[in-house]
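This report covers strand pairing, helix packing and a ligand shell. The model comes first, then the text.

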Amino acid sequence: MPKKVYIETYGCQMNVVDSEVVVSILSGAGYVPTDNIGDAGLILINTCSIRDNAEQRIWGRLKAISHLKKRKHDVKIGIIGCMAERLKEKLIETDKLVDIVVGPDAYRELPLLVAEAEAGHKAVNVLLSREETYADISPVRMDKNGVSSFVSIMRGCNNMCAYCVVPYVRGAERSRNPESILKEVKDLYELGYREVTLLGQNVDSYKWDSNIETTGFPELLEKVAMINPLLRVRFSTSHPKDISDDLLHTISRYENICKHIHLPAQSGSSRILKLMNREYSREWYMDRVNTIRTIIPDCALSTDMITGFCTETKEDHKESLSLMDWAGFDFAYMFKYSERPGTKAARKYKDDVAENIKSERLSEMISLQNKLSAQAKKNDVGKVYEVLIEGFSKRSDEYLSGRTSRNKVVVFPGGGLKKGNYVKVLIERCTSATLIGKSI
Ligand code: SAH
Ligand code: SF4
Ligand code: F3S
């Protein structure tokens with residue numbers, strides 16, 4: 001009987017890919033993945049530390065699965081990823097059920113650490129690395145649709161946004177060899193995938209020096225786009241201080257590079273942006289958006305916003321709202337500021353915006369964004385978009401679901417069409433989350 005591993009993933013897309021890398025590494029040690037937690041001899045939770053509530057969820061989850069271990073004593077529980085890196089041995093001290101703690105750069109050691117745990121010892125490795133990119137490991141794809149997938153192009157982050165825990169839990173920025181990236185993408189295409197999203201905390205600073213040439217992000221993106229015109233390419237995340245005109249021209253030159261940029265603003269107030277150490281101002285951000293609109297006129301834009309950062313006043317908050325309104329974002333992720341121990345903001349500033357004010361500002365932001373998103377969808381009604389079919393719609397098997405290059409979900413009746421196909425769809429109406437149309 002092969003040993004079974006159950007892996008649960010929290011946090012961002014990086015963690016999703018990391019879990020696939022982990023399954024690949026463990027399969028070399030005789031483990032097969034299972035979807036049934038009750039069957040598993042090894043339970044891994046790939047964790048996120050970005051906000052306090054992300055960590056609270058993990059603690060809750062650990063409590064919820066404790067009965068499995070009480071029932072079957074030889075089950076091993078491992079905490080891996082960002083929260084493992086942040087809390088280290090403290091995780092085992094706090095929760096005796098945890099056997100294994102492994103940080104994001106130590107996954108190659110997992111077979112050894114699991115063996116140690118099986119021998120009855122607690123096993124910890126949270127060493128960060130300057131080189132590790134898992135370039136040579138083929139992730140075991142666990143997505144269910146087989147059409148779109150994520151490819152990690154770099155790890156870590158060298159920016160020091162004052163609020164952010166990522167540089168501490170993911171280590172220094174390092175780029176992955178472009179040859180290995182291109183090979184992974186080609187393999188995905190051969191397997192039938194029709195969309196890849198290139199992932200990094202700040203893709204604009206991707207850089208690889210070989211003896212012959214230097215590959216920056218625009219060059220990498222171009223090479224990926226040239227693999228096949230039927231392969232859509234997306235990327236995330238861009239940093240407003242680094243996104244270059246060169247990159248924008250590359251996006252506009254290739255039909256298969258999706259016309260959508262996720263450009264986290266975080267705040268609309270230059271004073272707050274400075275405190276956040278984002279290294280750009282409101283005006284700089286607006287200039288970048290104007291340039292995007294000039295070079296790629298039909299580009300969709302989305303953003304991340306933090307509300308209630310240290311010292312944020314009503315006026316600062318209004319500036320965030322007015323920036324969102326001005327940019328007319330198609331989509332936004334919005335968060336209440338959550339102080340993370342060890343970050344610059346935690347060390348130097350007071351978390352002085354009251355919780356109820358944070359909540360109030362967040363709901364104001366969300367209702368504004370709801371209006372903007374609805375408007376963006378209404379603007380699409382009557383137009384024809386090429387849709388990459390991802391599968392059946394959630395509601396009914398008579399409808400197919402896919403996305404436009406601008407990253408909007410489209411649902412339409414789909415006789416004879418299959419996932420992975422491209423189809424032109426006339427948008428006839430929209431709901432708050434979806435565009436609805438018919439194929440033409
Ligand atoms: N590297 C990306 C994303 C990092 S994490 C970038 O720079 O944009 C994703 C988002 O979480 C961030 O964009 C930010 O909006 C949010 N975030 C990060 N730290 C946070 C904190 N301490 N409190 C609230 N939101 C936070
Ligand atoms: Fe965090 Fe800033 Fe790096 Fe993004 S760019 S991961 S927000 S430090
Ligand atoms: Fe969370 Fe780590 Fe991603 S902290 S957002 S899982 S890089």
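In β19, Arg403 has Val409 as its bridge partner. The strands concerned are β18 (residues 399-404) and β19 (residues 409-413), which pair in the antiparallel sense over five bridges. Two strands count as paired if DSSP finds at least two bridges between them. Strands (E, at least two residues) and helices (H or I, at least four residues) are DSSP runs, numbered from the N terminus. β18 and β19 form a hairpin with four residues between them, and Asn407 in the turn has a positive phi of about 70°. β19 also runs parallel to strand β21 (residues 435-439), joined by two bridges; Val411 has Ile436 in β21 as its bridge partner.

This is a predicted model, in which local features need pLDDT of at least 70, side-chain atom pairs count only at pLDDT 80 or more, and totals for chains, interfaces and linings use all residues. Residues are numbered from 1 along each chain as its sequence is written, chains are lettered from A and ligands numbered from 1 in the order in which they are written, and side-chain values use heavy atoms, with hydrogens and water left out.

Three strands form it in the order β7-β10-β13, with parallel pairing. Its edge strands are β7 (148-152) and β13 (232-236), each pairing on one side only. The twist averages 25° from one strand to the next. Glu195 has Arg232 in β13 as its bridge partner.

| Pair | Sense | Bridges |
|---|---|---|
| β18 and β19 | antiparallel | five |
| β19 and β21 | parallel | two |
| β10 (residues 195-199) and β13 | parallel | five |

Helix α8 (residues 217-225) lies across β10 and β13, at about 155° to β13. Angles run from 0 to 180 degrees between N-to-C directions, and axes are lines fitted to C-alpha atoms, for helices over the stretch in contact.

Helices α9 (residues 245-253) and α11 (residues 282-295) pack at about 30°, with axes 10 Å apart. α9 is therefore roughly parallel to α11, a term for angles under 35 degrees. In contact (heavy atoms within 4.5 Å), Asp245, Leu248, His249 and Ser252 in α9 meet Arg288, Thr291, Ile292 and Ile295 in α11. These residues divide into three nonpolar, three polar and two charged.

Around ligand 2 (a heavy atom within 4 Å) are Cys157, Asn159, Cys161, Tyr163, Cys164, Val166, Pro167, Gln201, His239 and Arg278. Six are nonpolar, three polar and one charged. Ala, Val, Leu, Ile, Met, Phe, Trp, Tyr, Cys and Pro count as nonpolar, Asp, Glu, Lys and Arg as charged, and the others, Gly among them, as polar.

Key. Angles under 35 degrees count as roughly parallel, over 145 as roughly antiparallel, 65 to 115 as roughly perpendicular and the rest as oblique.
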